Amino acid sequence: MKKLIVLLLVSLMATSAFAVVDEDPDMLGVYFDANADENSINPIVNVPFDAYVMITNPSAADVWGLEFGYDIVVPAGFEGLFFRLSNSLPAGSVDLGVSDDKLSGDYVAGLATPLPGNPATTFVTWQFMLLSPMTVEIFLGPSNVQSIDDGLPAYEIGGVILPLGLSTGGANVPVAVINGLGPVAVEEASFGSVKSLFR
């Protein structure tokens with residue numbers, strides 16, 4: 001009996017270690033930890049910190065490529081106090097997007113060797129640094145040239161392109177926030193479903 005209890009506890013710990021904040025399949029977000037749990041951060045000024053663009057809970061076993069656009073919004077006049085120190089993709093990546101600008105661009109990247117479709121699959125790692133406290137919002141969306149014309153990011157699973165949702169549920173909601181309240185997922189509801197709550 002003791003062995004069964006220990007086995008149950010160990011399996012619960014292993015499950016929670018791979019938990020991600022967004023439980024939906026095939027989602028894209030920006031996180032400040034490797035487990036996709038933190039989408040907001042309050043960093044120390046003048047200290048570099050990492051941000052990870054991740055596919056969470058991919059429905060495919062392998063990830064061969066990713067396409068998405070990004071917009072990073074800083075307060076007007078503070079652009080020179082926000083730095084992107086590095087911009088890293090997995091080894092063997094070929095990126096046809098334009099990601100030179102720290103505030104806006106896109107990635108259209110493929111891989112020579114696929115990444116395993118883990119619950120939190122990191123595709124891009126950015127390293128940022130702020131020289132002054134400020135609120136920064138990070139938005140994701142489609143790349144400039146879309147494989148699927150649906151206004152959303154997408155990923156390749158070996159010859160097939162699948163659409164990705166955004167971890168917040170909407171294009172006008174940031175997926176991550178620096179020095180501000182974390183994003184809240186947007187749930188779409190019809191008038192009929194809201195009305196039925198009051199019957």
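These are my notebook entries on a predicted model of one protein chain.

**Entry 1: ground rules.** I number residues from 1 along each chain as its sequence is written, and I keep in mind that side-chain values use heavy atoms, with hydrogens and water left out. Because the model is predicted, local features need pLDDT of at least 70 and side-chain atom pairs count only at pLDDT 80 or more, whereas totals for chains, interfaces and linings use all residues.

**Entry 2: the whole chain.** I looked up the secondary structure and found two helices and 13 strands in the protein chain; helices (H or I, at least four residues) and strands (E, at least two) are DSSP runs, numbered from the N terminus. Of the 199 residues, 38% are buried, where buried means under 20% relative accessible area, exposed means over 50%, and partly exposed lies in between (1.4 Å probe, protein chains only). The chain exposes about 10,700 Å², of which carbon and sulfur atoms supply 61%; such areas come from the Shrake-Rupley method with a 1.4 Å probe, and for residues only the protein chains shown count as cover. Among contacts (heavy atoms within 4.5 Å) with a separation of 6 or more, 70% join residues 24 or more positions apart.

Entry 3: I traced an open sheet of five strands in the order E5-E8-E3-E1-E12, with mixed pairing; two strands pair if DSSP finds at least two bridges between them. The edge strands are E5 and E12 (165-166), each of which pairs on one side only. E5 runs antiparallel to E8 (residues 120-130), and six bridges join the two; in E8, Leu-130 is the bridge partner of Phe-82.

I then turned to Phe-83, which is placed in strand E5 (residues 82-88) and counts as partly exposed because its relative accessibility is 32%. Phe-83 forms a nonpolar surface patch with Leu-85 and Leu-131, and together they have about 230 Å² of accessible area. Patches are made of residues with over 30% relative accessible area and no salt bridge, with like charges joined within 9 Å and nonpolar side chains (Val, Leu, Ile, Met, Phe, Trp, Tyr) within 5 Å; a salt bridge is a side-chain nitrogen of Lys or Arg within 4 Å of a carboxyl oxygen of Asp or Glu.

**Entry 4: Asp-106.** Is Asp-106 buried or exposed? Asp-106, found in strand E7 (residues 104-116), counts as buried because its relative accessibility is 4%. Leaving aside residues up to four places away in sequence, Asp-106 touches residues that include Phe-68, Tyr-70, Asp-95 and Ser-143. A polar atom of the Asp-106 side chain lies 2.9 Å from the backbone nitrogen of Val-98, and for the backbone nitrogen of Asn-144 the distance to a polar atom of that side chain is also 2.9 Å. Asp-106 and Val-145 are 39 residues apart along the chain, yet their C-alpha atoms are separated by 9.1 Å.

**Entry 5: loop residues.** Most residues other than glycine have a negative phi. Asp-26, in the loop between helix H1 (2-17) and strand E1 (27-31), has a positive phi of about 55°, and Asp-26 counts as buried because its relative accessibility is 14%. Ala-36, in the loop between E1 and strand E2 (40-41), has a positive phi near 60° and counts as buried because its relative accessibility is 0%.

How values were computed: A polar contact is a pair of N or O atoms within 3.5 Å; within protein, one must be able to donate a hydrogen and the other to accept it, and residues adjacent in sequence count only if both atoms are side-chain atoms.
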